[in-house]
Amino acid sequence: MWHATEAVQLPWNDVNYAESTLAKTVLSIARPPSCELPGIYIHIPFCSRRCNYCDFTTWAVDAPPAGMTFESYTDALTREVQLVAAQSGIARTIDTLYFGGGTPSLLPLNLLERILGALQANFDLYKLAEFTLEANPETLTAERLAAWRE
């Protein structure tokens, strides 16, 4: 059984989102009992297309909820990182960072850098042993891979 700390749900209505638009949290912190440090999961809900079999909260990039863009989602996500980090009892040192979705590899590099900056400002990533970013083959280029490596 995983012991998880629920992440703060952001009030999406400040950018004209319906409360029911995002049924799941976009950031969660969890630590399996056998692990010393917790990890962070970041949900990026954008996909090149919506698959019939997918049960995750995702949207095709050409059909997101009204007002949702990569930029507005990143704004909300970085605010949530700050809100979660401000909660008492939240571990500040993490060893795993996982970007899932959706297709996180669709996220523009400058927005990924903003999210990482918010994480670095609010959490200690010094002991980071794993950094995973899910990717679909059609989103990969040599330039993108090189940029992620940096």
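Visitor: Where does Thr139 lie?
Guide: A quick note to start: this is a predicted model, where local features need pLDDT of at least 70, side-chain atom pairs count only at pLDDT 80 or more, and totals for chains, interfaces and linings use all residues. Residues are numbered from 1 along each chain as its sequence is written, and side-chain values use heavy atoms, with hydrogens and water left out. Helices (H or I, at least four residues) and strands (E, at least two) are DSSP runs numbered from the N terminus. Thr139 sits in the loop between strand 7 and helix 3 (142-149).

Visitor: Is Thr139 buried or exposed?
Guide: Buried means under 20% relative accessible area, exposed over 50%, and partly exposed in between (1.4 Å probe, protein chains only). Thr139 has a relative accessible area of 9%, so this residue counts as buried.

Visitor: Which residues is Thr139 in contact with?
Guide: Contact means heavy atoms within 4.5 Å. Leaving aside neighbours within four places in sequence, the partners of Thr139 are Thr103, Ser105, Leu106 and Arg144.

Visitor: Which residues have the most contacts inside the largest nonpolar core?
Guide: A nonpolar core is a set of buried Ala, Val, Leu, Ile, Met, Phe, Trp, Tyr and Cys residues joined through side-chain atoms within 4.5 Å. In soluble globular proteins, nonpolar side chains tend to be buried together. Here the largest such core has 26 residues, and those with the most contacts inside it are Ile42, Ile44, Phe99, Leu119 and Phe123.

Visitor: How many residues of strand 3 are buried?
Guide: Strand 3 pairs with strand 6 in the parallel sense over six bridges; two strands pair if DSSP finds at least two bridges between them. Within that pairing, Ile42 stands opposite Phe99. Strand 3 is mostly covered, and its buried count is five of six residues.

Visitor: And on the strand 7 side, which residue does Phe99 stand opposite?
Guide: Strand 6 and strand 7 (residues 130-133) run parallel, joined by four bridges. Along that pairing, Phe99 faces Leu133.

Visitor: What do strand 6, helix 2 and strand 7 make?
Guide: A crossover is right-handed if, with the strands pointing away from the viewer, the path from the first strand over the helix to the second runs clockwise. These three elements make a right-handed β-α-β unit.

Visitor: How far does helix 1 reach from its first C-alpha to its last?
Guide: Helix 1 has 17 residues. The expected span is 1.5 Å times one less than the number of residues, which comes to 24 Å for this helix. The model is close to that, with a reach of 24 Å.

Visitor: Why does Arg79 count as partly exposed?
Guide: Arg79 is in helix 1, a helix whose buried residues include Tyr73 and Leu77. Arg79 counts as partly exposed because its relative accessibility is 32%.

Visitor: How far apart in space are Ala91 and Leu37, C-alpha to C-alpha?
Guide: Ala91 lies in the loop between helix 1 and strand 6. Ala91 and Leu37 are 54 residues apart in sequence. In space, their C-alpha atoms are separated by 8.0 Å.
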